[in-house]
Amino acid sequence: MEALDYHAEERRKAEFNLDEMKIVWAGSRRNYELSDRVARLVASDPVFRKDNRTMLTRKDLFKDTLRKAAHAWKRIIDLRLSEEEANMLRSYVDQPAFTDLHWGMFIPAIKGQGTSEQHEKWLPMAYKMQIIGCYAQTELGHGSNVQGLETTATFDPQTDEFDLHSPTLTSSKWWPGGLGKVSTHAVVYARLITGGQDHGVHGFIVQLRGLDDHLPLPGITVGDIGMKFGSGAYNSMDNGLLRFDHVRIPRNQMLMRVSQVTREGKFVQSDVPRQLVYGTMVYVRQTIVSDASCALARAVCIATRYSAVRRQFGSQNGGPEIQVIDYKTQQSRLFPLLASAYAFRFVGEWLKWLYTDVTQRLQANDFSTLPEAHACTAGLKSMTTSVTADAIEECRKLCGGHGYLSNSGLPELFAVYIPTCTYEGDNVVLLLQVARFLMKTVSQLGSGKKPVGTTAYMGRAEHLMQCRCEVEMAQDWLKPSTILEAFEARAVRMSIACAKSLGKFSNPEDGFAELSPDLVEVAIAHCQLIVVSKFLEKLQQDIPGKGVKRQLEILCNVYALHLLHKHLGDFVATGCITPNQGALANEQLRLLYAQVRPNAIALVDAFNYTDHYLGSILGCYDGNVYQKLYQEAWKDPLNDTVVPDGYLEYLRPILKQHIRTARL
Ligand SMILES: CC/C=C\C/C=C\C/C=C\C/C=C\CCC(=O)SCCNC(=O)CCNC(=O)[C@H](O)C(C)(C)COP(=O)(O)OP(=O)(O)OC[C@H]1O[C@@H](n2cnc3c(N)ncnc32)[C@H](O)[C@@H]1OP(=O)(O)O
Ligand SMILES: Cc1cc2nc3c(=O)[nH]c(=O)nc-3n(C[C@H](O)[C@H](O)[C@H](O)COP(=O)(O)OP(=O)(O)OC[C@H]3O[C@@H](n4cnc5c(N)ncnc54)[C@H](O)[C@@H]3O)c2cc1C
């Protein structure tokens with residue numbers, strides 16, 4: 001018997017080859033096949049069930065997380081999965097866990113900042129999970145300001161050891177994931193002190209718990225920091241606190257790629273830039289951009305599928321009501337988010353390439369592209385996560401009342417996702433880093449130093465400052481060069497205007513602080529330009545499959561023109577376009593939405609998410625929403641009994657009070 005599919009008609013409308021689009025989304029046929037296989041493996045395994053987790057107490061949720069992590073590890077070993085497959089498996093398990101930090105930060109920190117001897121000693125144990133580690137940087141008093149950390153690591157030449165100490169309450173490590181209850185080790189960031197001199201913040205490998213009894217080692221106080229936002233969600237993670245009372249570690253546990261301390265206690269700064277101490281954050285910010293596209297795609301998939309099932313108003317002669325996806329307002333809220341998911345996917349792919357490139361250069365002692373890699377990872381992490389967090393909430397609203405049900409999957413997705421705007425660098429703080437980079441680039445424009453990479457457009461500032469947009473009809477906005485020039489002109493004009501305003505301050509730092517809200521806008525304009533330009537570059541590639549490239553062109557235009565519409569004030573105020581050209585862009589946008597409409601369901605099918613991973617009744621593949629909602633309601637523990645617990649103690653006395661009152 002053929003399976004019921006409420007979306008069958010929608011799927012028939014698609015004007016492109018879905019299988020080829022799935023490959024574009026996955027990045028390659030190989031990636032598609034790998035991720036499809038691993039996603040199904042997880043979905044079919046009862047241990048990875050997650051539909052009940054919002055009902056669990058914190059302790060039960062945490063134990064469930066440990067069970068899943070142990071089972072995942074067993075599957076990884078038994079099936080001899082590669083590192084890439086293992087990472088995929090953990091991400092499809094879809095439950096924040098200590099393993100994210102062990103594999104995502106502890107190991108990369110040792111790899112990036114350790115020497116080859118340190119790699120040889122620590123990495124084999126970490127890869128086999130004989131030790132489990134976390135990334136302990138943030139403190140109670142300081143997170144963004146890494147240079148303000150207070151934990152000290154004082155070298156003692158007598159014993160050839162460092163003495164780790166938390167001198168104040170605010171120096172307590174606070175937030176590291178996996179620290180609270182699991183990690184046996186941590187990379188701890190502390191101020192290095194030798195011979196009474198402070199050499200700033202460096203990383204140290206520190207054992208926290210006994211490998212036999214899991215008890216904290218002498219001098220170490222460690223625990224969980226408490227419940228976080230939402231039920232379920234990030235509470236599966238043991239974000240922790242940590243204090244040191246003169247804990248001793250051997251000298252060779254300082255990560256010594258960037259700087260060294262000799263046996264005599266001499267501090268040696270190698271020719272590697274000190275910013276490499278921040279290298280793990282650059283790596284993780286890059287992964288967060290790709291993850292943003294996944295989270296956004298997930299929310300959009302749920303909202304799109306539900307919008308095609310949900311009908312409201314407009315029944316004629318007893319016929320069906322209108323699918324809410326056919327309302328223009330629904331399309332104008334939903335389709336830009338769909339386009340953004342694809343845009344973030346492609347910029348994430350490009351950022352991965354940039355990161356790989358900078359890593360190879362660093363190995364060859366070429367540090368020239370490090371500032372750009374920092375600016376790109378910081379800016380794109382900030383922009384994509386802010387958009388995604390807002391988009392998940394928008395998708396909830398697009399699903400009306402049912403979006404607020406836990407089993408829509410959206411509340412939990414939101415709760416898990418939103419800290420991404422804060423961790424790995426507060427989004428505003430990171431945009432200010434991008435702005436610094438841009439202001440520096442502008443200040444060097446007259447010096448003959450040609451801007452390269454993502455700021456190459458600034459080298460054409462003279463043209464971009466006075467060029468005029470040539471759009472006369474709505475369809476003129478479909479020309480890639482017209483779109484690109486409008487975004488470049490807006491970014492360069494905003495940058496130069498800010499640089500000029502900064503020049504009016506006698507103290508540049510005062511100016512930077514005063515103008516920081518404008519500088520944030522400049523950074524956003526630059527990041528949006530990067531995303532638009534990388535989407536356009538993607539379209540230059542050979543993309544096989546009937547109609548696939550055409551759909552991507554439509555999505556790229558939707559992405560760019562919705563931004564133009566949203567930030568019309570910037571584009572018009574900087575004289576990049578006229579108000580009439582802005583209106584034509586909006587007209588074109590409406591036409592584009594009509595082209596997306598028949599393909600919408602297939603465009604979200606291309607994400608290839610299993611129902612398990614989506615975790616949403618509203619987004620399930622077959623669209624059988626109402627029956628599933630009805631069945632699911634009966635599974636709620638409140639429905640275990642017809643009359644609720646507490647009736648006799650609390651309800652009945654109130655309900656019966658009129659009888660007593662009447663008797664009085
Ligand atoms: C299998 C699993 C796969 C993936 C999972 C991955 C990960 C795990 C999952 C999720 C993550 C979960 C939790 C998150 C964990 C954390 O949150 S860890 C803590 C993160 N903390 C931060 O991000 C702190 C943010 N603050 C900073 O980064 C910096 O302090 C600052 C950049 C804001 C400022 O630093 P300062 O030292 O004060 O710098 P400055 O004076 O402003 O700048 C000096 C120069 O250095 C340049 N620079 C700054 N940062 C970097 C960098 N990272 N890389 C390269 N260069 C950098 C800056 O541009 C300045 O350059 P100049 O040329 O202008 O001198
Ligand atoms: C779920 C979660 C997991 C985490 N995991 C880890 C982990 O594994 N390891 C770890 O070390 N840390 C971890 N952290 C800590 C995280 O990295 C920090 O919270 C983050 O870097 C932000 O720093 P903060 O908390 O000090 O924010 P603050 O800097 O105190 O920010 C507060 C406000 O001040 C503003 N602000 C701060 N500085 C400036 C400025 N210069 N200019 C303008 N505005 C400014 C910010 O925009 C924000 O609005 C985690 C945090 C969370 C929420």
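Trainee: Which residues around ligand 2 come nearest?

Mentor: Tyr135, Thr138, Ser144, Gly177 and Asp426, out of 20 residues around ligand 2. Near means that a heavy atom of the residue lies within 4 Å of the molecule. The model is predicted, with local features needing pLDDT of at least 70, side-chain atom pairs counting only at pLDDT 80 or more, and totals for chains, interfaces and linings using all residues; side-chain values use heavy atoms, without hydrogens or water. Residues are numbered from 1 along each chain as its sequence is written, while chains are lettered from A and ligands numbered from 1 in the order in which they are written.

Trainee: How do you know how far the prediction can be trusted, by the mean pLDDT of the chain?

Mentor: pLDDT is the predictor's confidence in each residue, from 0 to 100. The chain has a mean of 97, and 99% of its residues reach 70 or more. The model scores are ipTM 0.98 and pTM 0.97.

Trainee: What makes the pair between Tyr135 and ligand 2 a polar contact?

Mentor: A polar contact is a pair of N or O atoms within 3.5 Å; inside protein, one must be able to donate a hydrogen and the other to accept it, and residues adjacent in sequence count only if both atoms are side-chain atoms. A polar backbone atom of Tyr135 is 2.9 Å from a nitrogen atom of ligand 2, so the pair qualifies. Taken alone, ligand 2 exposes 970 Å², and the protein buries 63% of that. Areas are Shrake-Rupley values with a 1.4 Å probe; for residues, only the protein chains shown count as cover.

Trainee: Which residues make the polar contacts of ligand 1, for example through a side chain?

Mentor: Gln147 puts a polar side-chain atom 2.5 Å from an oxygen atom of ligand 1. A backbone N or O atom of Glu424 lies 2.8 Å from an oxygen atom of ligand 1. A polar backbone atom of Val146 is 3.5 Å from a ligand 1 oxygen. The protein buries 79% of the 1300 Å² that ligand 1 exposes alone.

Trainee: What makes up the shell around ligand 1, by class?

Mentor: The shell has 10 nonpolar, 11 polar and five charged residues. Nonpolar covers Ala, Val, Leu, Ile, Met, Phe, Trp, Tyr, Cys and Pro; charged covers Asp, Glu, Lys and Arg; the others, Gly among them, are polar.

Trainee: Which element gives the largest share of the shell around ligand 1?

Mentor: α8, with four residues. For ligand 2, α12 gives the most, three residues. Helices are DSSP runs of H or I, at least four residues; strands are E runs of at least two; both are numbered from the N terminus.

Trainee: Why are β4 and β7 said to stand at the edges?

Mentor: The open sheet has the order β4-β8-β7, paired antiparallel. β4 (173-174) and β7 (220-224) each have a single partner strand, so one side of each has no neighbour in the sheet.

Trainee: How do you know that β7 and β8 pair, in number of bridges?

Mentor: Pairing takes at least two DSSP bridges. β7 and β8 (residues 240-244) have five, so they pair. Asp224 stands opposite Gly240 of β8.
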